[in-house]
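Please keep the sequence and the structure in view while reading.

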Amino acid sequence: MNILVALAFLCLAALAPWRVRSQQQRHLVNMTLVHQAKASGALCLDGSLPAYHLDRGFGAGENNWLLQFEGGGWCNDLQSCFERAKTRRGSTSYMAKLEVFSGILSNNATLNPDFYNWNRVKLRYCDGASFTGDAVFTNKTTTLHFKGQKIWEAIIDDLLPQGLGKARKALLSGCSAGGLATFHHCDDFAQRLPTDASVKCLSDAGFFLDERDISMNHTMRFFVKSLVQFQGIEQHLNRNCTKELYFPDLCFFPQYALKYISTPYFILNSAYDVYQFHHILAPPSADLHGHWNKCRLNPAACTADQIAILQGFRLDMLAVLRPFYMNSRRDGVFINSCFAHCQSEQQDTWFRDDSPRINNKVRWKIKLNIFPQDSQFLT
């Protein structure tokens, strides 16, 4: 079996901070507004135009494309979406017009040797539903646009005539809520590109589990249910999945949608994902007396019982993923055990001397060979 699952020892502290401080290494890319989006109603929460940042490829990467969904949580009711609409998470009006491209988006051959010369695109996140919603809320004073699905389509339609439509290799990626978006758009992305193109997808910290919290409540499941209903998402979830499950909104979770994805897929995640630890396993609503406060702030302060619960979460993630990595010869998985969330965007977790290793190779990061001759993710 040509697939490698790497399980590191439990990290009791976050990865050491390390940043590229030189101004010459900070690569800033201009924002592009999608003006044609207005005609189709593909608007951000507040009605502003959606946007992306494109850094052109060159040399051997001129016809290769890397698209990355921006992450940033979700909003599942009127209050949270209204508040979000007044921030950079819900409006391009509040976003910085220049974006730093680092990690997997870097144009530095030393810091990003596998993708530095590809066409690299960051899709800005302004809908609050991982680019899947399709509804509008309006009353006498407020209009909110839940048009993540339309935004995705508008951005792709804008990029196709700019060279994406002639791509030889293409990778759809994303982090956190953006990583979740790759599960829902992976096959559509592949279908929009040339039939002879090599197309693959990567989710970074996007494998959110349908897991009970420490009080044995389905906090995340109920959140997702309200999100799917409020933003009109169900109509755009995988139809094979929604037909099979009694509760179709569960198809928003990657663990249920994954088996229906036909495009080669790579999952990068921590088994102790910090976001999931804090919001799915031990959310404040399940810890009214604050017994987990110290553990949340510092994993080294967790009690033996809390460590056991965290290890149980890790085992649940591996159990859910097992059919995926055991039954496929073309897909890939990298699960480590550090307390982290998103590992492809920042340089400290993407490419540095003490990054996690596979077979003593520091470059475990996805291109180990994501597009080799035999089409396997890892060799």
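A disulfide is taken here as a pair of cysteine sulfur atoms within 2.5 Å. The model is a predicted one, in which local features need pLDDT of at least 70, side-chain atom pairs count only at pLDDT 80 or more, and totals for chains, interfaces and linings use all residues. Residues are numbered from 1 along each chain as its sequence is written, and side-chain values use heavy atoms, with hydrogens and water left out.

By this rule there are 6 disulfides. One of them joins C295 and C302, with sulfur atoms 1.9 Å apart; its 80 degrees about the S-S bond make the link right-handed. Both C295 and C302 are buried, where buried means under 20% relative accessible area (1.4 Å probe, protein chains only).

Another disulfide pairs C241 with C251, the sulfur atoms lying 2.1 Å apart. With -95 degrees about the S-S bond, the link of C241 and C251 is left-handed. C241 lies in helix α6 (residues 239-244) and C251 in the loop between α6 and α7 (254-257), so the pair ties together parts 10 residues apart in sequence. Helices are DSSP runs (H or I, at least four residues), and strands are runs of E of at least two, numbered from the N terminus. C241 counts as buried because its relative accessibility is 1%.

C175 and C342 also form a disulfide, with sulfur atoms 1.6 Å apart. This pair links distant parts of the chain, 167 residues apart: C175 is in the loop between β8 (169-174) and α4, and C342 in the loop between β11 (332-336) and α11 (347-350).

Conventions
Buried < 20%, exposed > 50% of the residue type's maximum accessible area, 1.4 Å probe, protein only.
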